[in-house]
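This report describes a single protein chain from its overall build down to individual residues. The sequence and structure are shown first.

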Amino acid sequence: MTTQPQTAQAQRYEGPVPLPQQESDFYWEKCKAHELWLRYCNQCSNAYFYPRDICPLCFSRNTAWVKASGKGELYTFAIVHQIPRPNYRGPLPFIIAMVKLAEGPVMPTAIVGVEPDPKNLNVGMPVEVVFEDITEAISLPKFKLA
Ligand SMILES: [Zn+2]
């Protein structure tokens, strides 16, 4: 998977910072290493997101971590033109999206590296993960057009 950080922006991150919890510590450690990992259910043979110990499809605890390809397709998106909360100082407009990963799960994310204009985006277009280092410990998986 391609793991080019978004450091060229050199823009201080102003958004909320995820708080890793026991079930997701591994996920965030791998994101920091610019790798996307998913939970996989050995009982029903499905990968799922967000990471948690119990499969949300069959409730089995027979689950494991698997490394994702980082590839997927744009499932849906919205272009945000208004500040999402008071004191927001991030870029506007920006693209929020759901990406259907090659492994199956659909995850909430953002699309980066493309002008936020509907003419540049189509549902089903291939995307690839990139990581934005927002703190010393947290890197956010986002997606660029592949
Ligand atoms: Zn399952």
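## Alanine 97 and its surroundings

Beyond its neighbours within four places in sequence, alanine 97 is in contact with Leu74, Thr76, Phe77, Thr109, Ala110, Ile111 and Phe143. Phenylalanine 77 stands opposite alanine 97 in β5. The model is a predicted one, and the contacts described here are contacts in that model.

Alanine 97 also belongs to the largest nonpolar core, which has 23 residues; Leu74, Ala97, Val99, Ile111, Val127 and Phe143 touch the most other members. At least two residues of this core come from each of α1 (25-32), β1 (37-41), β5 (94-101), β6 (106-111), β7 (126-133) and β8 (139-145). In soluble globular proteins, nonpolar side chains tend to be buried together.

## Overall build

The protein contains one helix and eight strands, and from the N terminus on the elements run α-β-β-β-β-β-β-β-β. The C-alpha atoms fill a box of roughly 45 × 35 × 30 Å along the principal axes. A compact globule of 146 residues would have a radius of gyration near 15 Å, and the protein, with 16 Å, agrees with this. Of the 146 residues, 22% count as buried. Among contacts between residues at least 6 apart in sequence, 53% join residues at least 24 apart.

The mean pLDDT is 91, and 92% of the residues reach 70 or more. Over residues 1-10 the pLDDT is below 50, and this stretch has 18 contacts in the model beyond near neighbours in sequence.

## Strands β4, β5 and β6

Strand β4 (residues 71-80) runs antiparallel to β5, and eight bridges join the two. β5 also pairs with β6 in the antiparallel sense, over six bridges. The hairpin of β5 and β6 has four residues between the strands, and in it glycine 104 takes a positive phi near 120°.

In a regular strand the side chains alternate between the two faces of the sheet.

## The three-stranded sheet

An open sheet of three strands has the order β2-β1-β3, with antiparallel pairing. Its edge strands are β2 and β3, each of which pairs on one side only. Neighbouring strands of this sheet are turned by 40° against each other on average, direction ignored. β1 and β2 are joined by three bridges, and arginine 39 has tyrosine 48 in β2 as its bridge partner.

Aspartate 53 has its place in the loop between β2 (46-48) and β3 (63-67). Why does aspartate 53 count as exposed? Aspartate 53 is exposed because 10 other C-beta atoms lie within 10 Å, and a residue with 12 or fewer is classed as exposed. Not counting residues up to four places away in sequence, aspartate 53 touches Glu23, Arg61 and Thr63. Aspartate 53 and glutamate 23 are 30 residues apart along the chain, yet their C-alpha atoms are separated by 6.5 Å.

## Backbone exceptions

Most residues other than glycine have a negative phi, and most peptide bonds are trans.

| Site | Feature | Value |
|---|---|---|
| Phenylalanine 49 to tyrosine 50 | cis peptide bond | omega about 10° |
| Leucine 92 to proline 93 | cis peptide bond | omega near -10° |
| Serine 45 | positive phi | phi near 60° |
| Asparagine 87 | positive phi | phi about 70° |

Serine 45 lies in the loop between β1 and β2 and counts as exposed, with 10 C-beta neighbours inside 10 Å. Tyrosine 50 is found in the loop between β2 and β3. The loop between β4 and β5 holds asparagine 87 and also proline 93. Asparagine 87 is exposed, with 6 other C-beta atoms within 10 Å.

Key:
Residues are numbered from 1 along each chain as its sequence is written. This is a predicted model: local features need pLDDT of at least 70, side-chain atom pairs count only at pLDDT 80 or more; totals for chains, interfaces and linings use all residues. A nonpolar core is a set of buried Ala, Val, Leu, Ile, Met, Phe, Trp, Tyr and Cys residues joined through C-beta atoms within 7 Å. A residue is buried if 20 or more other C-beta atoms lie within 10 Å of its own, exposed if 12 or fewer, and partly exposed in between; C-beta atoms are placed from the backbone. Two residues are in contact if their C-beta atoms, placed from the backbone, lie within 7 Å. Two strands pair if DSSP finds at least two bridges between them. The radius of gyration is taken over C-alpha atoms; the globule rule is 2.2 Å times the number of residues to the power 0.38. pLDDT is the predictor's confidence in each residue, from 0 to 100. Axes are lines fitted to C-alpha atoms, for helices over the stretch in contact, and angles run from 0 to 180 degrees between N-to-C directions.
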